[in-house]
Amino acid sequence: MQGFLNLNKPLDWTSHDCVAKTRKFLRLKRVGHAGTLDPAATGVLPIALGKATRLLQYLPGEKAYKATIRLGVRTTTDDLQGEVITSQPCTGLSLETVKSALQQFVGKIEQIPPIYSAIQVQGKRLYDLARKGEDVEVPARIVEVFKIEILDWREQEFPEVDVAIACGGGTYIRAIARDLGTILQTGGTLAALTRTQSSGFHLANSITLTDLEAQLQAGTFQPLAPDAPLQHLPFITLPPTSAHKWCQGQRIPITFNVLENSLQLLRAYHEDGHFLGIGKLVNSEKDKLLIPEMVFEPI
């Protein structure tokens with residue numbers, strides 16, 4: 001079995017838990033996931049099955065979330081799973097003030113990931129260092145937020161704002177909640193999070209682990225095709241002779257105009273529609289060459 005599973009991760013499960021359960025259900029050794037999702041979050045967790053694990057590196061990085069940010073509270077983990085550092089009611093806060101502050105997070109921004117995160121510093125996970133009480137300087141990095149939309153606002157002792165966020169890979173929504181509280185001088189933490197889109201997969205088309213188990217028992221489960229989440233890459237169709245040589249690792253001259261850009265990744269197909277793998281288009285002195293980047297299905 002090979003392909004992808006668009007899993008709706010349940011609350012309080014780690015991404016690793018989901019991989020382990022999927023491996024057990026399908027009796028597969030090779031199972032992987034794209035984009036870690038915190039235990040306190042739910043939603044889209046792309047799961048690669050069999051040889052499709054080799055395609056994880058080529059998935060698009062864009063993600064989307066629905067989040068609830070609680071203001072007036074700071075925690076050690078930047079969400080409700082951590083210990084409360086400060087708690088201060090802020091009933092005088094207005095929606096307009098929050099809306100204006102949120103716009104500061106749109107675009108390419110510098111973000112310091114939460115200390116409780118899976119990022120490695122000097123070969124160790126940050127959350128492991130944090131649990132040991134070690135004082136670690138977390139390096140800032142540039143992330144991109146495409147859009148933030150306010151969905152709901154609840155003016156109360158500890159106000160909450162529901163937002164929809166579209167962003168690039170590596171963006172921490174917990175960090176946005178924390179930093180929004182810093183800007184507003186109230187403190188802020190993430191109260192709830194659902195990932196609605198990840199790497200080309202959407203929540204509306206996802207299935208739960210319960211659904212997966214039921215489909216397997218009924219014999220109706222079919223994984224998504226290996227090339228299903230790769231539609232952001234242009235494609236090229238090779239005639240049989242060229243396809244055979246390419247699958248053997250040879251560089252194939254491309255005499256017709258495919259793309260103007262060199263070093264472009266392409267999905268490669270046999271003319272019968274068979275997905276062959278990922279190739280890289282490079283310029284040579286005479287023409288363009290399609291170099292095998294990853295041969296998925298030799299012929």
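In what order do the five strands of the open sheet run? The order is β14-β16-β17-β18-β15, and the pairing is mixed; two strands pair if DSSP finds at least two bridges between them. Strands β14 (235–238) and β15 (252–254) form the edges, each pairing on one side only. On average, neighbouring strands of this sheet are turned by 40° against each other, with direction ignored. Axes here are lines fitted to C-alpha atoms (for helices over the stretch in contact), and angles run from 0 to 180 degrees between N-to-C directions.

The model is a predicted one, in which local features need pLDDT of at least 70 and side-chain atom pairs count only at pLDDT 80 or more, while totals for chains, interfaces and linings use all residues. Residues are numbered from 1 along each chain as its sequence is written, and side-chain values use heavy atoms, with hydrogens and water left out.

Back in the sheet, β17 (residues 275–283) and β18 (residues 288–295) pair in the antiparallel sense over seven bridges. Ile278 sits opposite Met294 of β18. Helix α6 (residues 240–247) packs on this sheet and touches β14, β15, β16 (264–270), β17 and β18, its direction making about 55° with that of β18. Contact means heavy atoms within 4.5 Å.

Taken as a whole, the chain has six helices and 18 strands. Helices (H or I, at least four residues) and strands (E, at least two) are DSSP runs, numbered from the N terminus. Along the principal axes, the C-alpha atoms fill a box of roughly 70 × 50 × 40 Å. Of the 299 residues, 46% count as buried, where buried means under 20% relative accessible area, exposed over 50% and partly exposed in between (1.4 Å probe, protein chains only). Among contacts between residues at least 6 apart in sequence, 68% join residues at least 24 apart.

Nine of its twelve residues are buried, so α4 is largely enclosed by the rest of the structure. The buried set is Ile173, Arg174, Ala175, Ile176, Ala177, Arg178, Leu180, Gly181 and Leu184. These residues pack against several elements, including β4 (63–71), α2 (95–102), β10 (141–154) and β12 (188–198). As for length, the twelve residues of α4 (residues 173–184) should span 16 Å at 1.5 Å a residue, and the end C-alpha atoms are 17 Å apart, which agrees. The expected span is 1.5 Å times one less than the number of residues.

At 72% relative accessibility, Gln185 counts as exposed. Ser199 also has a positive phi, of about 55°, although it is not a glycine. Ser199 lies in the loop between β12 and β13 (201–202) and is buried, with a relative accessible area of 4%.

The remaining helix pair is α1 and α5. Helix α1 (residues 15–26) packs with α5 (residues 209–218) at an angle of about 5°, the axes lying 11 Å apart. That makes α1 roughly parallel to α5; angles under 35 degrees count as roughly parallel, over 145 as roughly antiparallel, 65 to 115 as roughly perpendicular and the rest as oblique. From α1, Lys21, Thr22, Phe25 and Leu26 meet Leu209, Leu212, Glu213 and Leu216 of α5. The residues of this contact divide into five nonpolar, one polar and two charged.

Note on methods. Nonpolar A, V, L, I, M, F, W, Y, C, P; charged D, E, K, R; others polar.
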